[in-house]
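I set down each item as I looked it up.

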Amino acid sequence: KGNVVDPVVLVDKYGVDAIRYYLLREISFGADGFYSEEALVRRINADLANDLGNLLHRTLTMIERYFSGVVPAPSPVEALDQELQAVAAAVPREVQEAMEKLELSTALAAIWKLVGRANKYIDETAPWLLAREEATRPRLQTVLYNLAESLRIIGILLVPYLPTVPEKIWGQLGLGQGVRAVPWQEAENWGGLAPGTRVQRGEPIFPRIDPEEALKTGKEEKKVMENAGARQERISIDEFARLDLRVAEVVAAERIEKSNKLLKLQVVLGEEKRQVVAGIAKHVEPEELVGKKLILVANLQPAKLMGIESNGMILAASDAEGNLSLLTVDRDIASGAKIS
C-alpha cells in the first residue's frame, strides 16, 4: 500500500522532458529499475540543469555579449577543436548502434558524451579570456561557433527521446522549430549551422531544482496519498462535525499553465469569495463550471499547488475506471449554505 507513483503528478511538478529522460536513462528497456524522487532530482540537476541547460545558456549568453547575438564565422581549427569535432562525429554512430540493440540508456549516455565534451571545451578554451584581446578575436569566433554547432547536433540527437527540448534548443539557436523534420544524417555533418544566424536566448530550459524544497513537497504529497489509500475507519459524529461543508458557486474558472490536471476556480460562499485549485481539468472544461454550485470543504488549511494558493477542496466522486462526478445540490440553494 502506498507504493504507487503517479506519473501525471511528477510531470506536473518536473515537466515531461525531465521525467522521460530519467526513466530512459535510469531504467534499461525491458528490465526492472529503481526509482526515488531523490534520484530523480539529482539526475535533473546534474544532467539536465548543470550539463545541458547550462551549456546552452552559457553559449548563447557569450554569443550575445561578444557578437551581438550573431553566430560568428569560425577561423582555422586547432587541436582542441578537432577533439570536439571527433566526439561529435562519433556520437551519432554510437547512438544508432545502441538504438539497434534497444539500449536507450546507452544511447542517451552517448549523447551526454558530446554534452560533457562541449562543457569541458569551454573550460579549456576560456572564451571570456579570449574576448579581452583583439588579437584573440578570431579564436573566440571559432570557439563560440563550435559550441553552437555542437548544440545544433545535440538538438537533433535528442529528438527520439525528449518531446519539447529539441525544439527549445533549436529555437534559441535561431533555427526555428523544425528540428523533427531534419534528417538524422544532419547530425553527422559538422558545419550545418550557418554563420550569421541570430540566436534567441531565452530562460534556462532546465532551471536548477532546490532538492530540499522539492523533496519536502514530495513527502507531503506521499503522505496525502497514503492517507487516502489507508483503510477507512468509522468516525464519530463529533469528528464529522469538525468538517465545514459549504455550497460554493463558481464564478470563474481557468486552466493552470504547465498543468494538464489542475483548474483555478473563483468561488463565492455567501458574501465571501475564495480561490480554489482543483485537480479536475481532465474531466470538465473550465467554462462548464461557471454558475455551478459545488460542495466545498471550507475549513481546510490553505495549501499551494503549482505555486497557487488554494483555500478549500471541491468534493467529487470517482470510480475504478477513472470516471469523476462533482458533488452538487439537487435544487437551487444560496451559496454559502452549510451541509449537515
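I counted as a salt bridge a side-chain nitrogen of Lys or Arg within 4 Å of a carboxyl oxygen of Asp or Glu. By that criterion, I find 21 salt bridges in the whole structure.

Basis of the entries. The model is predicted, so I note that local features need pLDDT of at least 70 and side-chain atom pairs count only at pLDDT 80 or more, while totals for chains, interfaces and linings use all residues. Residues are numbered from 1 along each chain as its sequence is written, and side-chain values use heavy atoms, with hydrogens and water left out.

Entry 1: I looked up the partners of Arg43. Glu26 pairs with Arg43 at 2.6 Å, N to O. This pair links distant parts of the chain, for Glu26 belongs to helix H2 (residues 16-26) and Arg43 to helix H3, 17 residues apart. I take helices (H or I, at least four residues) and strands (E, at least two) as DSSP runs, numbered from the N terminus. Asp47 also forms a salt bridge with Arg43, at 2.7 Å, N to O. Here both residues lie in helix H3, 4 residues apart, about one turn of the helix. I then recorded that Arg25, Glu26, Arg43 and Asp47 are linked in a network of salt bridges.

For accessibility I use relative accessible area: buried is under 20%, exposed is over 50%, and partly exposed is in between (1.4 Å probe, protein chains only). Glu26 is partly exposed, because its relative accessibility is 33%. Asp47, at 8%, counts as buried.

Entry 2: helix H7. Arg152 and Glu149 form a salt bridge, with the closest N and O atoms 2.7 Å apart. They are 3 residues apart in helix H7, about one turn of the helix, and both are buried. I also looked up Ser150, which is found in helix H7 (residues 137-157). Ser150 counts as buried because its relative accessibility is 0%. What does Ser150 contact, leaving aside its neighbours within four places in sequence? With contact meaning heavy atoms within 4.5 Å, I list Leu84, Leu114, Ala118 and Trp190.

Entry 3: positive phi. Ser68 has a positive phi of about 55 degrees although it is not a glycine. I place Ser68 in the loop between helix H3 (37-67) and helix H4 (79-100); Ser68 is exposed, at 58%. For Met306 I likewise note a positive phi of about 55 degrees, and Met306 is not a glycine. Met306 lies in the loop between strand S5 (303-305) and strand S6 (308-310), and Met306 is partly exposed at 36%.
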